[in-house]
Structures are given as structure tokens and as C-alpha cells.
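Welcome, and please open the model in your viewer. We will go from one selection to the next and say what is there.

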Amino acid sequence: MAQVSLNNIRKIYPNGYEAVVPTSFDIADGEFVVLVGPSGCGKSTLLRMVAGLEDISEGALSIGDRNVNHVDPADRDIAMVFQNYALYPHMSVRKNIGYGLKNRKIPASEIEDKVQTAAKMLNLTEYLDRKPSQLSGGQRQRVAMGRAVVRDPALFLFDEPLSNLDAKLRHQMRIEIKALQRRLGVTSIYVTHDQVEAMTMADRIIVLNGGRIEQIGTPAEIYHQPASTFVASFMGAPPMNLIEREKRDGRVMVGDTVVATTDSSGPVIMGIRPEDIEIGPNCAIPFTVDIVEELGAHRLVHGQLDGQDLSVYVGKDVDVSTGPTRVSITPDAVVLFDAETGLAL
Ligand code: ADP
């Protein structure tokens, strides 16, 4: 187990492209950190630098109390789980799980013990003699996990491990991986473009955009106090509503309602989550409903407020139909952003 420390880590690819600007963060011993962001934001590059699969252009990386900038991947005491599982098709599940140990010249009986323990933990015991082609996608993913677990590493690195699975299995494996990580207490870095995975699995989320960190925080912090309009619109499905607002004497108005105050001089954007808006004829602010999406447990209402798009979550018992109605906004839930920089005020 180990803490991980990135100090001004930067990546410039040989073609001159700066994929990661100088970036610093620390991961505590046993912590589960998720790197999330859109395709091309530098997640894999960062992870691969930690793994030693990609050179670090500048900065210092330590795992435990050891600087590993120039340490071989095999000697960094890490185990990596990939999206494509990287299993050997001609080997049994038993051999696949134990493969890394055999390479390390560990006695066969000890390997068998470790494989059995991992297989039990991952519900793979009855499949140990099968080949990967005879397993389901979820079982293959568990074999890949098993291979990481038997190595008893200081650090797990996950690179989009669930993106080849269907939605139901992804949900199940998300819970399994998180539970396993909790149980083993191994420090973990997990890369995904899926904000739901990030929200549900992370102790802390790091949101990346264009090779730089937009925000680091717990899932609740990221969700409720996004540091920028980028984070506000990337995290959450549907995303936070972002509405341009005029100010009157430092007061941010929606209709006649003061939703926030600010002493910033420029134009602002009001952020409000769809579940922090109420709908009904007695509310204060005029709103026109365009579409109502039925989601079972609740409904998602899309419409217009002052000509700008707004989404509202309502309970399944709230009757809403298309056409004019009214909404009210919970001022405590409003987040203000500078309209020019996109940063939270
Ligand atoms: P992500 O994992 O977030 O999708 P990557 O880390 O794979 O993003 O890539 C970050 C950026 O670096 C992208 O713009 C990508 O095109 C670029 N990139 C990745 N690998 C190389 C490379 N070998 N040479 C040049 N640019 C690269």
C-alpha cells in the first residue's frame, strides 16, 4: 500500500504536443481516485506515466516514499487492469491469474494458494480450468482483476476497465470493483470518461479538461460546488442548467426573484441542478414546458425560461403538461460563474 504523489508532472509528446500541463496532486494510502474527462483530455497519458508506460517529460512522481520517474514499470509495484482485459487466450483462467507470479519465480504451491484465494474472492473458483473464450465478459473482467489482486501491489491502475461491458454488467462490476478495493485497501487510480462511474466509485474525483485539472474533490463537492461551467456541464446527467443572467445592483435576478448576490463586475451564469427547481402554478417564475420525459421514478421536464433551455426533475406524482406554467428556484442551490472565464465565483 502506498501514497502517490505527482509533482508538476508534464507530458509533451515527441511531436511537440503538450498532452498534460504541469499537474500536481497527492493520493492518500488506500484512496480510490478517479480521473475523468472527455476523450483526449489526457487521462490515459497521466495514468500511463504513473504506470511507467510513457516517459514523464517534467516533474516528479513518487509511489510510497520512492521516486519512480526512472523505475521500470515491472519494478513500480503496481498492477494495471485494462479495458481489453489483455488475457492470454490459450491459457486457462488459473494460468492467466498466476502468470505474473510465475514470471517472478514464486514457488508453484504458493502461486496456487494465491490464485485460489483470488478466485474465491472473485467468484471464479469453478472456472479456473476454462479458457477466456469460455467466459462471459464480466467473468473475463474478473480474471483481469484476479491477475492484479494476486500480485498484492502497492497501487492498482484501471484504464477504462468496464467500457466493453453492457450497461447492466457495468453497473454490477462497478460495485464489485469498489467493494474489492475497499476490502483490500489498495490505493487506486481509475480512468474513465463515464461520469456515473466517477461519481459512484471515487473517494475523490479529478476532472480533467484539455490536459489540465479543472477540479479535485469528493463526488458531492464536484456535483454541488463545481469549480467551472465545464465541470457543471460534464458531471451529472442531465447536466446542471446554465443560464446567462443580468445583474441589478449586484443582485442576480430570475424574473422578480433574487436568486443570488455577487460583487463581481462582469456578466454571470447561474447554475442550478434540475432537482433544485420546483414546478407548479403557485411558483414565482414564468416557464414554458416543451417536452416531458417519463423516467418511471420521476419525470424530466424540458422547457424555456426567458428563452433559455431549462431542465427540471419532478416526482412521478407531479402532473406536468406542455405549455405555460411556473417554476421556483432554491437560492441555496444556485452556483454562480463568471460568464467570461467560466469559473465559479
Ligand atoms: P484520454 O485518455 O483522456 O482520451 P489521452 O491521454 O489518450 O486522452 O490523449 C491526450 C492527448 O494527447 C490527445 O489529444 C491525444 O491525441 C494526444 N496523444 C496521445 N498519444 C499521443 C502520441 N503518442 N503523440 C502525440 N499525441 C498524442
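**Between the domains**

The count of salt bridges (a side-chain nitrogen of Lys or Arg within 4 Å of a carboxyl oxygen of Asp or Glu) between domain 1 and domain 2 is zero. This is a predicted model, in which local features need pLDDT of at least 70, side-chain atom pairs count only at pLDDT 80 or more, and totals for chains, interfaces and linings use all residues. Residues are numbered from 1 along each chain as its sequence is written, and side-chain values use heavy atoms, with hydrogens and water left out.

To follow along, select 4–233 for domain 1 and 241–338 for domain 2; these bounds come from an automatic or database domain assignment. Their C-alpha centres lie 39 Å apart.

Next, show the residues in contact (heavy atoms within 4.5 Å): nine from domain 1 and six from domain 2. Across this interface, two residue pairs are in polar contact, both at pLDDT 80 or more. A polar contact is a pair of N or O atoms within 3.5 Å; within protein, one must be able to donate a hydrogen and the other to accept it, and residues adjacent in sequence count only if both atoms are side-chain atoms.

**Around the ligand**

Zoom in on Gly40, where a backbone N or O atom lies 2.7 Å from a ligand oxygen. At Gly42, a backbone N or O atom is 3.0 Å from an oxygen of the ligand. Finish at Ser44, with a side-chain N or O atom 2.7 Å from a ligand oxygen.
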